[in-house]
Structures are given as C-alpha cells and as structure tokens.
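Dear colleague,

Here is the structure I said I would pass on. My notes on it follow below.

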Amino acid sequence: MEVKISPSMLASDFANLQSELDKCKNGGADLIHLDVMDGHFVPNISMGIPVIAALKKVCSVPFDVHLMISDPYRYVDEFVKAGADIISFHVECDSDIEKTIDSIINAGCKAALAVKPNTPIESVYPYLDKLSMVLVMTVEPGFGGQSFMESTMPKITALRKKCPDIDIQVDGGINADTVKIAGRAGANVFVAGSAVFNSTDPAKTICTLKENAKL
C-alpha cells in the first residue's frame with residue numbers, strides 16, 4: 001500500500017494558515033487533515049465549513065476532513081461544497097451510518113469511517129465495501145498533542161488482514177518513532193500534527209515519516 005502523510009492543521013499556527021498550508025504542500029504532504037469538532041461529540045470546538053472553503057482556494061493538496069461531530073449526515077453536502085475530498089466520520093455518531101456513507105459518495109467524495117480507541121474494529125466491517133478508508137484513532141478524539149496508544153494496533157492488524165487493499169489511517173501521537181509501530185501493524189495513511197508543525201524542517205519531517213513507516 002502507498003504510504004501517505006496527512007499533516008493535521010489542528011497543530012498549525014491559526015494566525016498564518018496559508019503559510020502553514022504551503023509548508024505541507026511544498027514539503028510533499030499527500031493530504032491535508034482538517035479536524036472538525038462540534039463541542040458535543042467531543043468537548044472541544046475547532047474549525048468549520050467557512051475555514052475549509054477559504055483554505056481550499058489556496059491549496060491544491062486533497063483535503064482529508066475528519067468530522068468529530070454528532071450528526072455528520074446533516075452537513076455532508078456543505079463539507080463537500082467547501083472542498084472536502086475525503087470525509088471521515090465516526091461510527092459512534094448519532095447519524096445513520098449507511099445513509100451518511102451513501103450521501104458522501106453520492107456527493108462525489110470518498111467516504112471513511114473512524115473508530116475511537118475503545119471501539120471494536122468489527123463495527124466498521126458491515127460497511128467496508130463502500131469505504132475508501134478506515135481511520136483508527138490512536139488517541140481519544142478531541143484534543144491534539146496526546147500520546148500514542150499502542151494498544152490500538154491489534155485493530156489495525158485485524159483490519160489489514162480482513163481488507164488488504166483499503167487505506168488504513170492512524171491519527172494521534174504520530175512521530176518518527178510511533179509511525180514505525182503503526183506501519184508494521186498495517187497502517188499506510190498517517191496523520192501527523194505536532195511532528196510536522198513543530199518541526200524546523202517540515203519537508204524533512206514528512207520525508208522521514210514516510211521512510212520510517214516502511215521500516
């Protein structure tokens with residue numbers, strides 16, 4: 001599977017979002033990870049539709065939009081219009097899962113399901129034939145800068161065995177060391193926030209993450 005790095009804008013300098021996007025684009029990022037939080041599904045609140053639409057105007061890298069919201073079905077069309085290329089939403093949300101997946105696909109976007117650390121990976125199995133990606137959270141969703149939870153790796157291994165060709169994304173605590181652990185477990189898409197945006201050389205960091213994911 002192709003290794004992809006998706007820098008998380010949640011860890012970027014919000015006062016300089018365009019220049020932070022340029023770091024990702026010029027540094028070889030494959031995707032841009034955009035975390036949307038509603039203050040209900042998770043306790044934090046982050047960016048929303050207007051911010052994503054504005055960023056899309058100045059960035060050609062595909063947008064990987066992670067909806068940590070209670071009712072994603074209600075907002076699918078708006079996020080697609082704003083510029084989402086992939087929409088991940090949580091299997092633990094209140095929306096009808098299949099209807100939400102179908103809505104994303106019918107709107108011309110790729111659909112992905114996310115699972116929290118304590119949610120069994122089997123919860124996504126009924127939907128695999130419609131999904132482009134599964135996001136396995138390696139921290140509790142809602143806050144950046146948390147420590148990587150290695151206890152989630154068996155879920156990735158099980159999913160990779162069941163579905164060899166699907167993109168498996170990990171999000172939370174990814175750095176030059178933990179990317180090796182997740183890569184060996186079977187992940188191939190890596191969300192990296194602090195590791196990229198706190199780096200003095202984001203391009204080199206992105207390159208290192210890609211290389212280490214294959215070790």
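Which residues does Y73 touch, not counting those up to four places away in sequence? They are S95, K99, T100 and S103, where contact means heavy atoms within 4.5 Å.

Some conventions before the rest. This is a predicted model, in which local features need pLDDT of at least 70 and side-chain atom pairs count only at pLDDT 80 or more, while totals for chains, interfaces and linings use all residues. Residues are numbered from 1 along each chain as its sequence is written, and side-chain values use heavy atoms, with hydrogens and water left out. Helices (H or I, at least four residues) and strands (E, at least two) are DSSP runs, numbered from the N terminus.

Y73 sits in the loop between β3 and α3 (76–82). Its C-alpha lies 4.9 Å from that of T100, although the two are 27 residues apart in sequence. Y73 is partly exposed, at 37% relative accessible area; buried means under 20%, exposed over 50%, and partly exposed in between (1.4 Å probe, protein chains only).

Strand β2 (residues 32–37) has six of its six residues buried. I32, L34 and V36 cover one side, and H33, D35 and M37 the other. β2 pairs with β3 (residues 63–68) in the parallel sense over six bridges; pairing requires at least two DSSP bridges. M37 has M68 as its bridge partner in β3.

S8, in the loop between β1 (4–7) and α1 (17–26), is buried at 5% relative accessible area. Beyond its neighbours within four places in sequence, S8 contacts H33, D35, V191, A192, G193 and F197.

Regards
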